[in-house]
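This briefing goes through one protein model by topic. Please look over the sequence and the structure before reading the points below.

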Amino acid sequence: MSIPKEANRDYWIKQSEMLQSTIARMANNSLEIKKVGLTVWAAIVGFGFTNRNTALFALAFVAFLLFGILDVYYLYLERKFRDNFNRLARILSGYVTAEDDEWIKKAKGNFLKPDGSTKFLEQIPNTLRSWSNLPYLITLLLTILLLAMPLPASSSK
């Protein structure tokens, strides 16, 4: 495929604008999930300290793990949409590869559909290496420390 025809060029530029807004929305969703996950984790841990119950620390970890899986999924989707945006940018600038040609025929020009060639579960290890997941690693370590350390004795007055 060569440089897009002028009739399709406007369509592809609109697709790139929609992709940019989708990528921004995925990044914003990821941030919101982190905020809510940390808030829930802190509330449960605080409740665990108040009630002197170590089982609540494990519950806090499970809750935060579930939020983490959702966040990893948003990061995975964001990366897939970024791949589509990069592919579209190559097409608009005239640097189309054979792989791009094949993908365009398969997707029929719909860049808003993520490439389904890779599955989410296969991409988890790669996605977990992102710096954006650092809050999860820190929270995991804090939870392990809370589970390993004995709670201070309650002061009777």
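The model is a predicted one. The protein has 5 helices and 0 strands, and the order of elements from the N terminus is α-α-α-α-α. Of its 157 residues, 33% count as buried.

**Overall make-up**

- Helix H1 spans 6-51, helix H2 spans 55-93, helix H3 spans 98-107 and helix H5 spans 134-148.
- Helix H4 covers 120-128.
- When contacts between residues at least 6 apart in sequence are taken, 78% of them join residues at least 24 apart.

**Nonpolar core**

- The largest nonpolar core holds 25 residues, and the members that touch the most others are Trp41, Val45 and Phe81.
- Helices H1, H2, H3 and H5 each give two or more residues to this core.
- H2 supplies the largest share of the core, with 12 residues.
- Beyond its neighbours within four places in sequence, Val45 is in contact with Phe57, Ala60 and Leu146.

**Salt bridges**

- Arg82 and Glu78 form another salt bridge, with their closest N and O atoms 2.7 Å apart.
- Arg82 and Glu78 both belong to helix H2 and are 4 residues apart, about one turn of the helix.
- Glu17 forms a salt bridge with Lys14, where the closest N and O atoms are 3.5 Å apart.
- Glu17 and Lys14 are separated by about one helical turn because they are 3 residues apart in helix H1.
- Glu17 is partly exposed, and its relative accessible area is 41%.

**Helices H2 and H3**

- The axes of H2 and H3 come within 11 Å and cross at roughly 110 degrees.
- H2 is therefore roughly perpendicular to H3, since angles of 65 to 115 degrees count as such.
- The crossing in which H2 passes H3 is left-handed.
- On the H2 side, the residues that meet H3 are Asn84, Arg87, Arg90 and Ile91.
- Their counterparts in H3 are Glu99, Asp100, Trp103 and Ile104.

- Leu19 is in helix H1 and is buried, with a relative accessible area of 0%.
- The C-alpha atoms of Leu19 and Arg82 are 7.9 Å apart, although the two residues are 63 apart in sequence.
- Arg82 is also the partner of Glu78 in the salt bridge listed above.
- Asn133 sits in the loop between helix H4 and H5, where Asn133 counts as buried at 3% relative accessibility.
- Between Asn133 and Leu75 the C-alpha distance is 9.4 Å, with 58 residues separating them along the chain.

**Backbone at Arg52**

- Arg52 lies in the loop between H1 and H2.
- The phi of Arg52 is near 55 degrees, which is a positive value in a residue other than glycine.
- Most residues other than glycine have a negative phi.
- Arg52 is partly exposed, with a relative accessible area of 39%.

Notes:
Residues are numbered from 1 along each chain as its sequence is written. This is a predicted model: local features need pLDDT of at least 70, side-chain atom pairs count only at pLDDT 80 or more; totals for chains, interfaces and linings use all residues. Side-chain values use heavy atoms; hydrogens and water are left out. A nonpolar core is a set of buried Ala, Val, Leu, Ile, Met, Phe, Trp, Tyr and Cys residues joined through side-chain atoms within 4.5 Å. Buried means under 20% relative accessible area, exposed over 50%, partly exposed in between (1.4 Å probe, protein chains only). Contact means heavy atoms within 4.5 Å. A salt bridge is a side-chain nitrogen of Lys or Arg within 4 Å of a carboxyl oxygen of Asp or Glu. Axes are lines fitted to C-alpha atoms, for helices over the stretch in contact, and angles run from 0 to 180 degrees between N-to-C directions. Angles under 35 degrees count as roughly parallel, over 145 as roughly antiparallel, 65 to 115 as roughly perpendicular and the rest as oblique. A crossing is left-handed if the near helix is turned anticlockwise from the far one by less than a right angle, and right-handed if clockwise.
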